Amino acid sequence: MMTRRLVQLFTGLAMYGISLAMFIRAGLGLDPWDVFHQGLANRTGLSIGVVVIAVSFLVLLLWIPLRQMPGFGTLCNAILVGVFADIGLALIPTVSPLPGQISLLAGAVLVNAVASACYIGAGFGPGARDGLMTGLARRTGWTVRFSRTLIEVTVLAAGWLLGGSVGVGTVVYALAIGPLVHLLLPRFVVGAGKASAAKEPTTANC
């Protein structure tokens, strides 16, 4: 079971990074956190993968007052998603005709959902951004939904102001990712990951 959980964790994180690259190459808009990452990358000149890693560790600092403890998967998540995002961008070309963009966007949403179900189902701990959301909800008494909305609206607005890509893909992601992960997650929960995954919100912020 441990071997399968580890393989599933690393596969999920690799797929998540690749899905981010697919969203960027589709050019139709990103999810809220990645709008923020892209905006920072545009302003700093750093690769988006480096920005994803840096933001992950900055978010983990916010776990301290929330008394959140990172798991093994949390730390792997903080590093590997950014690494594979840059690898994906190096391998995936930009798609210009609209039908190709739509196809790449649809593929990105599906790959992202499978990736999220993989790493949540492995049960090694939430990603930095999901942990921030659940920690904030626990410490304040707010609902997870309200905490998530507050955080994502904030980073979306900041990312847009920084020049990140907001578009139809942002809306499609918001509407589709929750139901898709909810559908896929039972297929990927394994062994000791069951209790942990049952507590995880079916989001895909990593």
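Arg67 sits in the loop between H3 and H4; helices here are DSSP runs of H or I with at least four residues, numbered from the N terminus. Phi of Arg67 is near 60 degrees, a positive value in a residue other than glycine. Most residues other than glycine have a negative phi. Arg67 is exposed, at a relative accessible area of 64%, where exposed means over 50%, buried under 20% and partly exposed in between, with a 1.4 Å probe and protein chains only.

A word on the source. This is a predicted model, in which local features need pLDDT of at least 70 and side-chain atom pairs count only at pLDDT 80 or more, while totals for chains, interfaces and linings use all residues. Residues are numbered from 1 along each chain as its sequence is written, and side-chain values use heavy atoms, with hydrogens and water left out.

Next, a pair of helices. H6 and H7 pack at an angle of about 125 degrees, and their axes are 8 Å apart. Axes are lines fitted to C-alpha atoms over the stretch in contact, and angles run from 0 to 180 degrees between N-to-C directions. The two helices are therefore oblique to each other: under 35 degrees would be roughly parallel, over 145 roughly antiparallel, 65 to 115 roughly perpendicular, and the rest is oblique. On the H6 side, the contact is made by Leu132, Met133, Leu136 and Ala137, and on the H7 side by Val144, Ser147, Arg148 and Ile151. Contact means heavy atoms within 4.5 Å.

Last, Leu9. Leaving aside neighbours within four places in sequence, Leu9 is in contact with Phe72, Gly73, Cys76, Tyr119, Ala122 and Phe124.
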